[in-house]
Amino acid sequence: MIKYIEPVFRPPSEWKSLILQVTNGCSWNQCTFCDMYTQPQKKYRAQKIEKIEQEIRAIAASGAIVQRVFLADGDAMTLPFARLEAICMLIRSLLPQVQRISCYCLPRNLNNKTPEQLARLRSLGLTLVYVGCESGDDDVLLRVQKGETFATSLAALQKLKTANIKSSVMILNGLGGTALSKQHAVNSAKLMNAAQPEYLSTLVVTLPLGKVRMDEAFDGQFVLPDQQGLFREMHDLLSALELDKTIFRSDHASNYLVLKGILGRDKARLVNQVEQAMAQPQSIPLREEWQRGL
Ligand code: SF4
């Protein structure tokens, strides 16, 4: 019914959603740690609106009950407002049972959208965006070529909040290597404290391209923290987080230690779990290397 340009990625929580590939690839595609869209067929381009409409009509005609739609690929919010509005209106009119539309978003995707336009998209069902902040530390962000800073990330998260669009933020553990681990954790916590996102998840950076680009970014040698180092970084992050009501998940397959809770309510318990993992790793269930899905 829908012909995707593979590979297609989506957040784990969108496993039940209809994936509409409104763009192909990522408009930025430069982060040193990411090879999601590096294959030639994944070169960035916007999908034609006629094709999107055809796909939505085909889903509607099949009688499938669709309640959630995820707009792929890597940063669908890069589309201009008018295109996003048209897509949301099509979904709304042809798939009336849809309760939530979501997508990935880079902070800079919001530069050309006014608060009123974001509120309009919200009213059409776009109620959640996944923002891969990766870090709140400017040095780390510069080295990994994210093209964002603490300030630009915060401005985007605040703009979303003003429009009542929920943010689900991702922070990458280990992204600063051993050299910048502490400042990566502390400044990521500062960013989250200032932004107060509705959801926060962490996963461990993996380097599928090999370390070459990361080594270049880190003056010749990027050293990923070992298990204890990752625990320490998680401890630094959690200890510095001052969140009012954020659903926190660190349960991606890349994590040794599964952590889940609501921050701040569960902060003490989560910090305690990490401390236990640091002091007595044998005493709690940790993922083995082969289970970590790297
Ligand atoms: S913005 Fe996201 S999808 Fe694009 S290169 Fe960076 S990490 Fe990968």
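Helices (H or I, at least four residues) and strands (E, at least two) are DSSP runs, numbered from the N terminus. The model on display is predicted, and local features need pLDDT of at least 70, side-chain atom pairs count only at pLDDT 80 or more, while totals for chains, interfaces and linings use all residues. Residues are numbered from 1 along each chain as its sequence is written, and side-chain values use heavy atoms, with hydrogens and water left out.

Begin with G264, in the loop between β10 (259-263) and α9 (267-279). The peptide bond that links L263 to G264 is cis, with omega near 5°.

Next, select A72 and D73, which are also joined by a cis peptide bond, with omega about 5°. D73 belongs to the loop between β4 and α2, and G74 lies in the loop between β4 (68-72) and α2. With 16% relative accessibility, G74 counts as buried; buried means under 20% relative accessible area, exposed over 50%, and partly exposed in between (1.4 Å probe, protein chains only). Leaving out residues up to four places away in sequence, G74 touches G25, C26, Y37 and Y104, where contact means heavy atoms within 4.5 Å.

Now display the ligand. Its surroundings consist of C26, N29, Q30, C31, F33, C34, Y37, L106 and K146, each with a heavy atom within 4 Å of the ligand. This shell divides into six nonpolar residues, two polar and one charged. In this classification Ala, Val, Leu, Ile, Met, Phe, Trp, Tyr, Cys and Pro count as nonpolar, Asp, Glu, Lys and Arg as charged, and the others, Gly among them, as polar.

Beyond its neighbours within four places in sequence, L71 is in contact with residues including L20, V22, L84, I87 and I91. The largest nonpolar core has 66 residues, and L71 is one of those that touch the most other members, as are L20 and I91. Such a core is a set of buried Ala, Val, Leu, Ile, Met, Phe, Trp, Tyr and Cys residues joined through side-chain atoms within 4.5 Å. Helix α2 (residues 81-94) supplies the largest share of this core, seven residues. A second, separate core of 21 residues includes C34, L128, L172 and L175.

Finish on strand β6 (residues 126-134), which holds V131. V131 is buried at 1% relative accessibility, and its contacts include C105, P107, L157 and M170.
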